Each structure stands twice: as C-alpha cells, then as structure tokens.
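The structure is shown first.

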Amino acid sequence: MAGLTLDLIGLQLFAGVALGAVYVLLAIGLSLIFGMLTVVNFAHGAFYMLGAYVGLWLMAHGGNFWLCLVLVPLVVGGIGLAVERVLIRPLYGRGIDYPLLLTFGLSYIIVELVRITFGKAGFPFDTPEVLQGAVDIGVGFFPLYRLFVIAATAVILFGLWLFLERTSFGLIIRAGARDPLIVRVLGVNVSKVWLIVFGMGTAIAAFAGLLAAPLQGVIPEMGGTILAEAFVVTVVGGMGSLLGAVLAGILVGVVVSMTSLFAPEMAKVAIFALMALVLLIRPQGFFGRAGLMS
Amino acid sequence: MATDLAFEATRQPSPLLLWATRHRVALASLFLLLFPLVMPFKALAVMILIYGLYALGFNLLFGYLGLLSFGHSALFGAGAYLCGIAIVHFGWPWYLAIGLGLLAGMVVALVIGALAIRTRGIYFAMVTMALSQCVYYLFYQAVDLTGGENGLRGVNLKTVNLFGFDVDFLNPLSRYYIICGFVIAALWVLSRILASPFGAVIEAVRENEARARASGYDVMLVRLLTFVLSGAFCGLAGALLALHLSTVPIETMHYETSGLAVMMCLLGGMGTFFGPFIGAAIFLLLENLVSVWTSHWQLFVGLAFMVCVLFFPRGIWGTLMERMKA
C-alpha cells in the first residue's frame with residue numbers, strides 16, 4: 001500500500017460523492033415513482049440510457065452540452081408521460097407485480113430500439129470543453145467535470161425540494177404519497193398527478209444518464225447494470241424516502257470508490273454486501289417506514 | 001396474484017378435468033415422452049425440457065406462493081456452475097455432479113431467500129435481483145474456478161452409465177430421455193408438494209397472508225421453505241443445462257435469465273401445473289423462428305412481455321384451463 005496518503009483517500013472520497021450523485025438522481029426518480037404510484041420501474045435504467053443517447057444525438061446534430069441538459073430531460077420525460085398514460089395506467093388496481101413486469105418488457109424494447117438506431121457498439125462522449133481539466137480542491141487536483149456533476153445534482157435536488165415543499169402541486173404530491181384515496185375524495189385529479197410524477201422520474205433518470213455519459217461513455221447496456229445498483233440505493237435508503245435516497249446514494253458511491261481503492265476486485269460486490277447488512281439490521285432501510293409495503 | 005378461488009370452489013369442474021388433474025403427472029410425462037417424436041430439432045427439445053424445469057421451479061414461487069423473484073438466474077446459474085465445476089475440476093461422476101448442482105441451487109436460495117423475505121411485497125423483486133447480481137459478480141471474479149467472462153468450458157460427458165448399461169450421451173435422443181427422466185421425477189415431486197398440506201399452506205399464504213398467519217402458520221418460514229424448494233428445481237435445471245451445453249456461459253447468471261423464467265411462466269400461465277413447459281416451448285420455438293430472419297429477437301421478447309401483461313395475464317395454458325372449467 002505504498003503511496004497511499006491521506007490526500008489520496010480524500011480525493012477518492014470526493015470521486016465517490018461524484019459517483020454517488022448519479023445514484024442519487026436515479027434513486028430519487030425510482031423513489032418518487034414508487035412513493036406515488038407504487039410502481040417499481042424496471043425500465044428506469046433504460047430511460048437513463050436513453051438520456052445519454054438522446055444527448056449523443058443532439059450533440060451530433062449541432063446541439064451543445066448545455067442545450068442537452070435542458071432538452072434531454074424534456075424529450076425523455078415526454079416519452080415517460082406517454083408510457084404512463086398508454087401502458088401503465090390500464091394496470092392500476094391489477095396487482096402490484098403487473099406494472100413491474102410491464103416496465104421490464106419495456107426496457108427490452110427501449111434497449112433493442114437503441115441498438116437498431118445507434119448500433120450495438122458504444123460511443124465515447126466528449127466532456128464539454130469548459131469542464132475539462134482539473135482544479136485544486138485542497139487535497140489534490142480533482143477533475144472539474146466531476147465537480148460539475150456534484151453541483152448539477154445539488155441544483156436538481158434543491159429544485160425538487162422547492163417544488164415539493166413550496167408549491168401547491170408539491171403539496172398534492174406529498175399528500176398523494178400518503179393517502180391517494182383521501183386526496184381523490186378532496187377533488188384532486190390523482191391520475192394527472194401520477195402522470196406528472198412518472199414523467200418527472202424518467203426526466204431525472206435521463207438527466208442522470210446524460211451526466212454520466214462523459215464519465216463512462218455510452219453503450220446500450222449501460223442502464224442494466226446501474227439499475228441493480230440503484231435498487232440497492234433505494235433499499236438502503238428506504239423506499240419512498242427522498243432524504244434516504246440522497247444519503248444512501250452518496251454512501252453507496254463512497255463505498256464503491258473506497259473499495260476500488262483498497263480491493264478493486266471487490267468493488268462490485270461491496271455494495272451488495274452493504275445492502276445485505278442493512279437488510280439484516282434494518283429491513284425497511286434508513287428512512288423507510290416499517291410496514292409501508294404491507 | 002389473487003385468483004377468484006371462492007368462485008372456483010362453487011363451480012363444478014367437468015369430470016374430464018378432474019380426471020386430468022388427478023393424473024397430471026402421468027399426462028405431462030406422456031406428453032414429454034412423445035414430444036421428441038414430433039419435434040424435428042432434438043437439441044431444441046432438450047432446451048425446452050431444461051428451461052421448462054427452470055420455469056417450473058420459478059412458478060412454484062411466483063405462481064403458487066405469489067412472490068415475484070428477479071433473482072432466479074442465481075439459483076439456475078449456481079446449479080449449472082457447481083455441476084460443471086464438479087466435473088471439470090474434480091472429476092466427479094455425473095450423478096453426483098447433478099446432485100451438487102441441485103444442492104447449490106438450494107443453498108443459494110437459502111441465502112438470498114433469508115435476506116429477501118425480511119422485506120415485503122414489492123421490495124422482494126428488487127432485493128432478489130440485486131442479490132443475484134452480487135452472485136453474478138462473485139462467479140465472474142472467481143476466474144480460476146468458473147472461467148470468468150469466457151464461461152466454464154469442457155463439461156464433457158460422453159457416456160452415462162445407467163443400471164449397468166452405457167448410454168451414449170452424445171446421441172440427441174438418448175440424451176433427451178435421460179434428461180426427461182429427471183424432469184418427470186421433478187414433476188412428480190412438485191405434484192406431491194402441491195397436493196400435500198404444505199402445498200395448501202403455500203396457496204393460503206398467497207391468497208390471504210393475514211388469515212394464514214392467524215391460522216397459526218409461520219408465513220416467513222413457509223416463504224423461505226418454498227424459496228429453497230424452488231431453488232432445488234432451478235438448481236437441477238441448471239445442472240442439466242451444464243451437461244447439455246457442455247459449457248456454462250456467464251450469461252446464465254445474468255438477471256436477464258431471471259427475466260426469461262418470468263416470461264416463460266407468464267406466457268404459459270402462472271400457477272398452472274404444466275403452463276411453464278408450454279411457456280418454455282413457445283418461447284424457445286419462437287426464438288428459433290424469429291432469429292432466422294432478424295437479429296433483433298429482444299424486441300419481440302419485450303413486445304411479447306408487454307402483450308402478455310396487458311392482455312393475457314393468465315397465459316396460454318392458464319386461459320385454456322379457464323375455458324375448460326367454464
């Protein structure tokens with residue numbers, strides 16, 4: 001372990017937070033959709049991948065990265081709206097497993113359509129020029145783009161918090177997550193709320209995919225692996241809890257990057273070990289309410 | 001997965017259906033024994049047997065107990081790998097290797113199940129999927145034993161010694177009937193489980209968990225036991241797959257293989273005795289047909305999945321049974 005200094009650990013810790021930021025965004029979307037619609041979205045990874053590919057397409061057709069940051073969530077969120085309206089809505093009230101199975105099938109279709117359109121091979125995704133290079137963060141030089149990922153995630157989270165806590169629509173969402181029946185009795189069109197929440201969740205997933213694209217490149221299978229990891233984050237944080245998703249996402253990111261420093265071959269297994277541990281000690285996760293799913 | 005059992009109890013099923021239900025193992029066995037005579041591709045027929053058995057094990061959990069697992073690839077894969085490893089690295093005889101594969105499926109099921117049943121309902125699918133990915137990475141990393149990315153190669157079995165006779169395992173037809181023997185035994189065991197008091201408890205937990213608990217049954221234990229039994233069937237199927245392919249691809253462990261079991265079960269009809277085999281047969285036949293003219297088979301898998309969920313939730317065999325009862 002020569003050359004292992006405190007600075008290196010500090011840097012790796014920061015890299016973990018940047019990685020965790022992507023997990024946080026994915027888990028927030030999953031949690032939001034589950035908390036409202038009680039739908040486990042198995043197509044969430046596919047929407048994440050779609051975000052990266054839509055960004056790729058926009059860049060190839062004269063768009064720049066900043067435009068992508070706005071357009072990609074809008075485009076994929078729009079697809080999400082259509083999916084909820086046409087495919088998922090007929091399944092409400094038919095048992096909790098059916099929407100899950102449907103989104104699983106949907107993820108196959110999205111991935112295969114992307115393969116048909118863009119080919120099976122992956123693409124590199126250029127980091128925007130302004131964000132290339134590294135900055136000194138006290139413990140050493142850290143890639144600027146990763147700092148940007150952390151900042152962008154923070155902005156999204158803050159915006160989401162404002163939306164949920166400070167707007168009347170956010171109030172309806174929070175009430176609907178607690179008791180959709182009463183909200184409906186009060187005269188709120190709950191199906192419209194569900195539609196928008198699903199669209200928002202997919203838009204955030206697409207945003208995460210776009211952010212992750214310069215870090216790891218773009219391939220059709222990129223959504224599949226990260227989906228399992230996003231599930232771990234939601235289970236650890238507590239399903240339906242946004243604060244839990246944030247803390248667990250960062251924790252999982254740090255655990256991955258720390259194990260890849262000390263025992264690289266165990267990095268993939270470590271997060272599942274973490275989940276097993278949480279399940280043993282606190283099955284409902286950090287912030288999940290016990291009996292939420294009963 | 002609530003079915004209207006209360007209604008079914010008041011309806012009088014036809015005597016033919018009652019007779020068929022009573023002799024379901026014999027009828028299913030007869031079908032499987034005659035199947036290769038109408039099926040021109042023997043290797044495909046063997047795959048249908050193996051994947052049918054895999055879907056059967058999955059169906060015990062999903063169809064009868066009502067728990068949706070997305071981690072069955074780990075049970076299937078563990079059976080395949082352990083059977084293969086026993087033959088390749090330790091030179092075990094084939095019957096012991098199959099036994100080890102079956103046991104491996106049960107052990108992995110015990111570990112995954114013990115963790116996953118601590119969560120409820122919808123968590124179950126996520127936790128089982130995540131844990132199966134964990135098992136995937138463990139086998140992926142153990143390159144010395146499993147061959148890592150390239151898969152385990154050289155699970156060669158030329159002859160099988162059955163009651164003093166050497167049977168040529170390379171002959172497709174004799175291979176089919178050897179594997180068929182295991183599948184029929186599994187069908188019989190499953191039928192006995194379902195007909196036993198324990199089988200009734202399994203369905204009781206699916207229909208009304210609170211009432212089953214109030215009746216004094218340990219719901220957690222029932223779930224864990226059913227998961228482990230399901231692991232035995234899937235482990236056996238995996239072991240047979242290793243012998244049939246003479247290699248174990250790493251994709252066997254991937255969670256898409258779990259999706260395969262869900263698909264076959266859904267297609268055939270979950271919670272039906274013979275549905276998984278019908279589902280496996282239709283799925284694999286379609287895969288072979290469609291792959292001839294397009295390489296985008298996955299697109300059709302996804303479409304079939306969605307059509308089944310939206311319009312055909314009882315599956316083909318399930319719908320057929322429904323018609324016969326009416």
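Helix α1 (residues 6–37) of chain A packs on helix α9 (residues 222–237) of chain A at about 70 degrees, with the axes 9 Å apart. The model is predicted: local features need pLDDT of at least 70 and side-chain atom pairs count only at pLDDT 80 or more, while totals for chains, interfaces and linings use all residues. Residues are numbered from 1 along each chain as its sequence is written, and chains are lettered from A and ligands numbered from 1 in the order in which they are written.

**Helix pair**
- The two helices α1(A) and α9(A) are therefore roughly perpendicular (65 to 115 degrees).
- The contact involves A:Y23, A:L26, A:A27, A:L30 and A:S31 of α1(A), and A:I226, A:E229, A:A230, A:V233, A:T234 and A:G237 of α9(A); contact means C-beta atoms, placed from the backbone, within 7 Å.
- By class, this contact of α1(A) with α9(A) has seven nonpolar, three polar and one charged residues (Ala, Val, Leu, Ile, Met, Phe, Trp, Tyr, Cys and Pro are nonpolar, Asp, Glu, Lys and Arg charged, and the others, Gly among them, polar).

**Interface of chains A and B**
- In chain A, 35 residues are in contact with 35 residues of chain B.
- The largest share of the chain A side, 13 residues, comes from α4(A).
- That side of chain A has 26 nonpolar, five polar and four charged residues.

**Chain B**
- Chain B has 16 helices and four strands, counted as DSSP runs (helices H or I, at least four residues; strands E, at least two).
- The C-alpha atoms of chain B fill a box of roughly 55 × 45 × 45 Å along the principal axes.

Definitions and conventions: Axes are lines fitted to C-alpha atoms, for helices over the stretch in contact, and angles run from 0 to 180 degrees between N-to-C directions. Angles under 35 degrees count as roughly parallel, over 145 as roughly antiparallel, 65 to 115 as roughly perpendicular and the rest as oblique. Two residues are in contact if their C-beta atoms, placed from the backbone, lie within 7 Å.
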